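The sequence and the structure are shown first.

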Amino acid sequence: MGNGLLLIGRRAINFIARLGSTCILLGKSLYYLKDAPRSLKLIADQCFLIGNKSIPLIVITSIFVGAVSAWQAAYQFKFIGAPLRYLGAAVGKAVVIELAPVLTALVVAGRVGAGIAAEVGTMRVTEQIDALDSMGISPIRYLVMPRFLASTVMIPILTIFSNFVAISGALLVSILFVDISSETFLLGVKNSFQLSDMLAGLTKSAVFGAIIGIVGSHEGFFAGGGARGVGRATTEAVVIAAVLILISDYLIAILMFRL
Amino acid sequence: MESVIQIQTVTKSFGQNAVLKGINLECTRGESLVIIGRSGCGKSVLLKHVNGLMHPDSGMVQVFDRDLATIKGRELNEVRKKIGMLFQSAALLDSLTVAENVGLGLSEGWQHSRAEIEDIVEEKLELVGMAGTGELFPASLSGGMRKRVGLARAIASNPEILLYDEPTTGLDPITADLINDLINNLRKKLDITSISVTHDMTAAYKTADRIVMLYDGVIEYEGTPQQIKNSGNAVVDQFINGRADGPIQVT
């Protein structure tokens, strides 16, 4: 019993310490944003890696997310006897507000968050970060800030792209299997569209992007213990980012969508 | 002679493991100091205190009369720019070419034009015998070539102090000798103060003005290469002659 409490206490302290150290790294990254204009190449390289290289993955996941949303919504409409002309409105709203931002972030957390943690972690254990320090180059400015900024900017852009692809997937399913016309579906999407929903979805995406960038960088930056340490950092980066994305999604929903 | 590095009663522990137990050491301008000792005895830890990559638990490290524990950010970076370091594995950035690695400190300092940096990079690569390799990536270089590029990077900003962390470890004897010659030549040409940590006695004898032996967290002996050879100290004798039997417990 005593040992169990000790273990829980120790884990709680470790968690708080880790959260604190992530917040400190976030603060330092925000401070180094002042050097962003002089670090444009580093930022552009990261934008390319995070954004452009995630597109195939986003296309595949979004098209199926849209397709399954249309299918499930149609199934439930039939069950409660709701008219199918509202299918476009329901799917469009769900995609813009929730599905595209959250699923894009979760998919990118797997690809980009893990990639950042593995790269920065390898640089840590092979003394490349020490080398930067020894040359008087802040590793936070050189490594963390560009990844954090690129992730915060690129995830919303990927989310906009995901919105279009997911709605296209839903449209395909609606035309081919649900027996409603493309005009009816798209009219529903159009009528239900509100700019405030889109902005709320993109705000969420920016927060999710910031989480992915900073958590990946943090786990890599403080990795230790050789290849095993880098592997652990990579896994933790994905797990922690995914949990924080879902928690922050709920908190943002409470703030932005008053019932 | 002017003292440029002063290490005063430095202690450092990692958890329960006390690695440095009160080290006192000075290095004068232009001197070549070599620190020897067994693997894991704290040589690299001590070296990383000299450019502020690590800070002591107690005691003080002064470089150019600046206490490294009391300065941060830009001030610390200004001191670091006067200190070049060659890492054990060279620590070249994998994603950059040889030329970008060598010029990294300069390009990120935002004080030199691209043309100036290209000239400096070319000059430093030539100095270490690596001219014409600027476009290669570190992954395509051998261990010796990586060390030489690491050395070119370390001297790119014309430092006054050079730190070498195991400069010849993992190299064949001929390449190791080439690196030792390079260290001596650089010292002659650039008038650099250097601290090198190694357990390669051939390298130590060839490059040192003074050798310090670290054992059990303290300085066991210090002297010229000749004095080390004739020290009569059982610990030093066992180490420099590479014997398993003796006062040093082999674990």
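Predicted model: local features only at pLDDT ≥ 70, side-chain atom pairs only at ≥ 80, totals over all residues.

Residues are numbered from 1 along each chain as its sequence is written, and chains are lettered from A and ligands numbered from 1 in the order in which they are written.

## Chain B as a whole

Chain B contains 10 helices and 10 strands; helices (H or I, at least four residues) and strands (E, at least two) are DSSP runs, numbered from the N terminus. Its radius of gyration is 18 Å, close to the 18 Å that the globule rule gives for 251 residues, so chain B is as compact as a globular protein of that length. The radius is taken over C-alpha atoms, and the rule is 2.2 Å times the number of residues to the power 0.38. Along its principal axes, the C-alpha trace of chain B spans about 55 × 45 × 35 Å. Of the 251 residues of chain B, 43% count as buried. A residue is buried if 20 or more other C-beta atoms, placed from the backbone, lie within 10 Å of its own, exposed if 12 or fewer, and partly exposed in between.

## Domains of chain B

The domain assignment gives chain B a domain 1 (1-82 + 161-251) and a domain 2 (92-158); such bounds come from an automatic or database domain assignment. The centres of the two domains, taken over C-alpha atoms, are separated by 25 Å. Between them, 11 residues of domain 1 are in contact with nine residues of domain 2, where contact requires C-beta atoms, placed from the backbone, within 7 Å. Helix α7 (residues 173-190) of chain B supplies the largest share of the domain 1 side, six residues.

## Strands of chain B

An open sheet of four strands in chain B has the order β2-β1-β4-β5, with antiparallel pairing; two strands pair if DSSP finds at least two bridges between them. Its edge strands are β2 (17-28) and β5 (66-67), each pairing on one side only. Two antiparallel pairs of chain B are set out below.

| Strand | Partner strand | Bridges | Opposite residues |
|---|---|---|---|
| β1(B), residues 3-14 | β4(B), residues 58-63 | five bridges | B:Ile5 and B:Val63 |

Strands β9(B) and β10(B) form a hairpin with two residues between them, and B:Asp216 in the turn has a positive phi of about 55°.

## The nonpolar core

The largest nonpolar core has 138 residues, and those with the most contacts inside it include A:Ile211, A:Ala237, B:Ile35 and B:Leu163. Such a core is a set of buried Ala, Val, Leu, Ile, Met, Phe, Trp, Tyr and Cys residues joined through C-beta atoms within 7 Å. Helix α4 (residues 87-125) of chain A contributes the largest share, 18 residues. Domain 1 and domain 2 of chain B both give residues to this core, so the core lies between them. Leaving aside residues up to four places away in sequence, A:Ile211 touches A:Ala241, A:Leu244, A:Ile245 and A:Ser248.

## Contact between the chains

The contact takes 12 residues from chain A and 14 residues from chain B. On the side of chain A, helix α5 (residues 128-134) gives the most, with five residues.

Terms used: Contact = placed C-beta atoms within 7 Å.
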